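Visitor: I am new to this structure and would like to ask about it piece by piece. Please show it first.

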Amino acid sequence: MTAVSTLRRGLRGLLRRLDDDREVVKTEREWRDQLTPEQFRVLRSRGTERPFSGPVVRPDASGMYRCAACDAGLFRADTKFDSGTGWPSFTDSEPGGVEMRRDFSMGVPRTEVLCRRCGGHLGHVFNDGPEPEGKRYCINACALERGEAADPRS
Ligand SMILES: [Zn+2]
């Protein structure tokens, strides 16, 4: 199989997935092909980027921060605040955009935040955010980086 036909098949599959409203499901190999090594480590292996090390992330034209892996809308720009932690922080998530899971990996219970559409690990949510919500969604910047998801083969 030539590289071109492999690429074509990959793009067709990607477009088919974007057309569907179902959850995005890919193999580990497909994710490795699409994501940067750091994004793969965070999104697919539940890693955490070093604070202040992530890219500067920006919302799309509608004011939405999107999943770097599947482009799902996750957080609105008007919920972003400066937590001083070195990670993008939000007071709230887009309804239906994320799901929560209990995480005991550090010995103390935490609440992991995942992208509902592709299951990618985004970060954690804590109860020490600003009032009135009191929530602090602490999210890895590379999981929100724009540009990779739109054309992963470029
Ligand atoms: Zn996603």
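Visitor: In which loop is P132 found?
Guide: This is a predicted model, in which local features need pLDDT of at least 70, side-chain atom pairs count only at pLDDT 80 or more, and totals for chains, interfaces and linings use all residues. Residues are numbered from 1 along each chain as its sequence is written. Strands (E, at least two residues) and helices (H or I, at least four) are DSSP runs, numbered from the N terminus. On that numbering, the loop that holds P132 is the one between β7 and β8.

Visitor: What kind of peptide bond joins E131 and P132?
Guide: Most peptide bonds are trans. For the bond between E131 and P132, omega is about 5°, and the bond is cis.

Visitor: How many helices and strands does the chain have?
Guide: Along the sequence the pattern reads α-α-α-β-β-β-β-β-β-β-β. The count is 3 helices and 8 strands.

Visitor: What is the order of the strands in the open sheet of 6 strands?
Guide: Two strands pair if DSSP finds at least two bridges between them. Strand β4 (residues 89–90) is joined to β8 by 2 bridges, and strand β5 (residues 98–103) is joined to β6 by 6 bridges. The pairing in the sheet is antiparallel, and the order is β3-β4-β8-β7-β6-β5.

Visitor: Which strands stand at the edges?
Guide: An edge strand here has a single partner strand, so one side is left without a neighbour in the sheet. The strands in that position are β3 (80–81) and β5.

Visitor: Which residue in β6 is the bridge partner of M100?
Guide: β5 and β6 form a hairpin with 6 residues between them, and G107 in the turn has a positive phi of about 90°. Within β6, the partner of M100 is V113.

Visitor: Is T79 buried, exposed or partly exposed?
Guide: A residue is buried if 20 or more other C-beta atoms lie within 10 Å of its own, exposed if 12 or fewer, and partly exposed in between, with C-beta atoms placed from the backbone. T79 lies in the loop between β2 and β3. With 18 C-beta neighbours inside 10 Å, T79 is partly exposed.

Visitor: What is the mean pLDDT of the chain?
Guide: pLDDT is the predictor's confidence in each residue, from 0 to 100. In this chain, 84% of the residues reach 70 or more, and the mean is 88.
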